[in-house]
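Work through the exercises below with the sequence and the 3D structure at hand. Try each task before reading its solution.

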Amino acid sequence: MDHLLTKVLPLALGAAISPTVLTIQVLILAMPSKPVRRAWAFTVGCLAVVIVLTVVGGRLMTTGAHPDGPDPVGATIKAVAALLLGVLAIRAVRGRGGITPKRMQKLNTTPTWGFLTVGVAIMALNFSSIVLYIPALHEIATDPDDPSAQALATAILMFATMAPAFLPVLAVTLLGSRAQPTLDRLNHVVTRYSKQINTTICVVFAVYLAYAAVQDALGK
């Protein structure tokens, strides 16, 4: 179990750092009308994408336990993920980031049920987290550990990926307005430094996955 978690936890941590999801969730919670209901609808929409990705991706990547030697499938998945993260890093540097007033106005006029769709769309377009999620699923699906270890690793991965959407609305649900100042400060920092955060995450994990791909190719 420890061996599997050692491989999955770094990727889960990277998937958990999603400035866009966090920013939108905090903005939803600051809305004057039905903020908690809308925020939970947004969270459920995000969760739907994560569940589909987990079920479909897990089945597609179940290729049996890792061989004693090289793992070409794992090496390919990680190499492609590293390349995509490199592209996302360039995109993050060039992009403007943030939520425009026009988009915020549109979000304000969205009905409560529509935030389910917003959650689905935002999580489906959360490429940096998804690119990290896929290699983690491969590690889980092909690990020779017992099913309980795989279930625990999957739960940790899903929870980490959902954290930017789930934790803010949970805090407001439990603490009410007392949680809002902390969320506002967090949102200010994340919004201000979203480019730097996204770029750093993409670059760091691109290097990490490139190294892991070489290790898998060599069977180490």
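Predicted model: local features only at pLDDT ≥ 70, side-chain atom pairs only at ≥ 80, totals over all residues.

Residues are numbered from 1 along each chain as its sequence is written, and side-chain values use heavy atoms, with hydrogens and water left out.

**Exercise 1.** Find the salt bridges and state which residues they join into one network.

Solution. 

Step 1. Apply the criterion: a salt bridge is a side-chain nitrogen of Lys or Arg within 4 Å of a carboxyl oxygen of Asp or Glu. The structure holds three of them.

Step 2. Take Lys-7, which pairs with Glu-139; their closest N and O atoms are 3.7 Å apart. Lys-7 lies in helix H1 (residues 2-16) and Glu-139 in helix H7 (residues 127-141), so this pair links distant parts of the chain, 132 residues apart, where helices (H or I, at least four residues) are DSSP runs numbered from the N terminus.

Step 3. Go on from Glu-139 to Lys-78, with an N to O distance of 2.3 Å. Lys-78 sits in helix H4 (residues 72-94), 61 residues from Glu-139.

Step 4. From Lys-78, a further salt bridge reaches Asp-216 at 2.7 Å, N to O. Asp-216 belongs to helix H10 (residues 194-218), and 138 residues separate the two partners.

Step 5. Through shared partners, Lys-7, Lys-78, Glu-139 and Asp-216 form one network.

**Exercise 2.** Is Lys-7 buried, partly exposed or exposed, and what holds for Glu-139?

Solution. 

Step 1. Set the limits: buried means under 20% relative accessible area, exposed over 50%, and partly exposed in between (1.4 Å probe, protein chains only).

Step 2. Lys-7 has a relative accessible area of 23% and is therefore partly exposed.

Step 3. Glu-139 has 2% relative accessibility, so this residue counts as buried. Lys-78 and Asp-216 are buried too.

**Exercise 3.** Describe which residues are buried in helix H2 and in helix H6.

Solution. 

Step 1. In H2 (residues 19-29), nine of the 11 residues are buried, and the helix is mostly covered. Among them are Pro-19, Val-21, Leu-22 and Ile-24.

Step 2. In H6 (residues 114-124), the buried residues are Gly-114, Phe-115, Val-118, Gly-119, Ile-122 and Met-123.

Step 3. Viewed down the axis of H6, these residues fall within an arc of 165 degrees, so they line one face of the helix. The arc is that of the directions from the helix axis to the C-beta atoms.

Terms used:
Helix = DSSP H or I, 4+ residues; strand = E, 2+ residues; numbered from the N terminus.
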